[in-house]
Amino acid sequence: PHAPATPAARIENGITVIAIGHASVLVQTGGLNILVDPVWSRRMSPLTFAGPRRVNDPGIRFEDLPKIDLVLVTHNHYDHMDIATLRRLVTAHDPLVVTPPGNDTIMARAVPAMRCTVIDWGETAHVDAIAVHAEPSHHWSARGTRDRRHALWAAFMIEGPAGLIYHVGDTGFHH
């Protein structure tokens, strides 16, 4: 096991990416701190006592996060949209959340104070010097047995002064 990272407060020039676990990463660029698919919960499940359990501790302790400005949520699977973590982030940092359509509805019910921007495939959200582009990915969505594909999923391209960062979310091979 590795010791958790302690990120810088901000990165004005360049790009720093720190792995947190699975698809969760901290991206620091253009003076912004961006979390993608943040998960700090011990289980990735609708139940706190059952379901897949985290094997490794997060690559950054939640308490060591710098001020988070922006959160990107690629889709609504429990290992990408962790409501408990989103609640903690809203309380501690009040970030703007960017996500594809349908995911905002789930988050608004669970975390009413969350600030959220919805972008569809091919659309862009601008935050300071950063542009976030929603891109297609070959995947699907569901949080239960009756909501398969009721919300969209996406990959994100983060474009800033230091360059491009592509986060695929979850995707699979396709023709």
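The model is predicted, so local features need pLDDT of at least 70 and side-chain atom pairs count only at pLDDT 80 or more, while totals for chains, interfaces and linings use all residues. Residues are numbered from 1 along each chain as its sequence is written, and side-chain values use heavy atoms, with hydrogens and water left out.

With a relative accessible area of 38%, Pro4 is partly exposed (buried is under 20%, exposed over 50%, partly exposed in between; 1.4 Å probe, protein chains only). Pro4 and Gly59 lie 55 residues apart in sequence, yet their C-alpha atoms are 4.8 Å apart in space. Leaving out residues up to four places away in sequence, Pro4 touches Pro58, Gly59, Ile60 and Arg61 (contact: heavy atoms within 4.5 Å).

Turning to Asp37, this residue is found in the loop between strand S3 (32–36) and strand S4 (70–72). Asp37 is buried, its relative accessible area being 0%.

As for open space, S1 gives the most to the lining of the largest pocket, with three residues. Gly21, His22, Met44, Arg54 and Asn56 lie nearest the centre of this pocket.

Methods: Helices (H or I, at least four residues) and strands (E, at least two) are DSSP runs, numbered from the N terminus. On a 1 Å grid over the protein atoms alone, a cavity is a set of points where a 1.4 Å probe fits but cannot get out, and a pocket is an open set with protein on both sides within 12 Å along at least five of seven lines; lining residues have an atom within 4 Å of a point.
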